[in-house]
Amino acid sequence: MNRVDTFDAVVVGAGPAGTATATALAQHGRRVLVLEREKFPRYHVGESLIPFTYHALERLGMIPRLRASAFPKKFSVQFVAPSGRASQPFYFFNRYDRETVAQTWQVLRSEFDQMLVDNARGKGVDIREQVVVTGFLRESGRHVGVRATLPDGSVREFRAPVTVDATGRDALAATTYAWRRNDPMLRKVAVWTYYEGALRDPGIDAGGTTVAFIPDKGWFWYIPQHNDRISVGVVADGKYLARDGVKDPAEIFHREVKENKWIEAHLAPGRPCGEYWLTNEYTFRSLHSAADGLVLVGDSFGFLDPVFSSGLMLALKSGVLAADAIDAALRAGDTASTRFEPYAREMHESVENMRKLVYAFYDKNVSFRTVTDRYPEVAGDLTDCLSGDVNKDFTRMFGAFSEFTTLPEALPYGMPAPAGTVFAP
Ligand SMILES: Cc1cc2nc3c(=O)[nH]c(=O)nc-3n(C[C@H](O)[C@H](O)[C@H](O)COP(=O)(O)OP(=O)(O)OC[C@H]3O[C@@H](n4cnc5c(N)ncnc54)[C@H](O)[C@@H]3O)c2cc1C
C-alpha cells in the first residue's frame, strides 16, 4: 500500500450511471475520480434508448455528440405477433417535440459508453481504467473511499467524502452488504447475438425497435445498429427456453427464431456475426440506495427487466439526480444517508411505475391494446410512462390496468440505510 489521494467523490464504474454522476458533479465544479475495471471501449448489452433519456443527455452535453454519431435514429416502436403481423409503428413525434425528445438513438454500447467517458474527461473528470475496486473504506461506519487494485497489481486507497457505486449488475455495495433482493416474479432469461445483412424496414422505420412475441409471453428485441448490424435477442421464462433439455444458447436462440415469422424472415438474408450471450441474472433491487457517504446509481441500485428499454434512461437520470444531491450534501458539509432520501424516493417511483407496466406486459391475460380500447383516456399516460416520463401521477392509468390484472405492490426496498448505521467490516 502506498499513496493516498483525496477527491470530492470517488465513482466506481465508468458505465452510463458512473459517467453521468461524474460529469454532472464536474459541472458543479467538483473534483471527481472514476475507477473502471475494464479497458474501454468494452462490450456491453443494452442498446436502445427511449425518448425521455433526452433530458439527462442534454444536461451532460451529449446531444451534439449523438447528433454527429453514426447511430441509427430511433423514431418508433412496433410490436409483432408470432404470426408475423406487425402493429402500426408508434411514432414518438405524434406526442413529443420532433426536434428533441421524439427522436432518440440505437447505440453500440462500446462506442456510446466511450463517448460518455470522453465527454466526462472533457469536463475535467479523472477516469482511470483497468482499476478494480475491491472494497469500501469506512471510518466509524461512514464510507470514506475505496480500496483498489491497479493494473500493475499494487493496492491503493482513494479517499473522498462520498463514494458512488456505479458498478452495474456487479452491484458492489449490494454484494458487500447482502442487500440484493430479487424480484418475486420477474425471473427471465435472455439470449442474444448480432447479425449482419439482416433486413431493416425502409425509410423512417429503419431505426425503429421491434418487439416480436413468441408463445408464453416471451419476446424478441430487434434493434438495428450502424455498420449493417442488428442486435437481436429473446427473453422468456427459463423453463420455457430450456424446454426438452436444450441448454446451448445458440440452440435456444435458433429454436425461438422459428416461433416468430417476422423475426425469421428478417434474419433470413443475414448471418450471425458474434457469440451467443445468455444471462439469467435478472430483476433485482438493492435493499438500500445509500448509506453515510455512499450512493448507489444505475443498475447497482436495481435492475429492471429490459422489455421497455428503460435501463439507460434510469442509469443516466439516476446519475444526474445523485450528482445534484451529492453536490448539495458537500456544500452542507453533511453526507449522511438522510441527505439522499429525496433522490432515493424519486428513483423508487421511477422504477416502480415502469415495473407495474412490466408486470402487466407479462400477464398472459392482458394486452395494452385491450386496456386503451376500453379506456382511451389513459393512452397518453401509457405512452408517457413507456417513453420514460415516469415521475408522474399515474393513478388513473393503473386504475384502468387493475381491472385487467393484479399490479404488484411497490417493493419495500431502496431507501437509504438509517444514518449512523455501522457496517460490519
Ligand atoms: C439482456 C439485456 C438487454 C438490455 N437492453 C436494454 C435496452 O435495450 N435499453 C436500455 O436502456 N437498457 C437495456 N439494458 C439495461 C442496460 O444494459 C443497463 O441498464 C445499463 O448498462 C446500466 O448502466 P450502469 O452504468 O448502471 O451499469 P454498466 O453499464 O454495467 O456499467 C458498470 C461499469 O462498472 C464497472 N465495474 C463493475 N465492477 C467494478 C469494480 N469492482 N471496480 C471497477 N469497475 C467496476 C464495469 O466494468 C462497468 O463498466 C439491458 C440489459 C440486459 C441484461
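**The chain and one of its strands**

Reply: For 425 residues, a compact globule would have a radius of gyration near 22 Å, and the 21 Å of the chain agrees with this; the radius is taken over C-alpha atoms, and the globule rule is 2.2 Å times the number of residues to the power 0.38. The model is predicted: local features need pLDDT of at least 70, side-chain atom pairs count only at pLDDT 80 or more, and totals for chains, interfaces and linings use all residues. Residues are numbered from 1 along each chain as its sequence is written.

The chain holds 13 helices and 23 strands, which are DSSP runs numbered from the N terminus (helices: H or I, at least four residues; strands: E, at least two). Its C-alpha trace spans about 60 × 50 × 45 Å along the principal axes.

Of the 425 residues of the chain, 48% count as buried.

Pairing requires that DSSP find at least two bridges between two strands. Strand 14 runs antiparallel to strand 17 (residues 229-237), joined by 9 bridges, and here Lys188 stands opposite Asp237. With strand 19 (residues 277-279), strand 14 forms an antiparallel pair over 3 bridges; Ala190 faces Thr279 in this pairing. Strand 18 (residues 271-272) also pairs with strand 14 in the antiparallel sense, over 2 bridges, and Glu196 stands opposite Arg271 there.

Definitions and conventions:
Buried ≥ 20, exposed ≤ 12 C-beta atoms within 10 Å, placed from the backbone.
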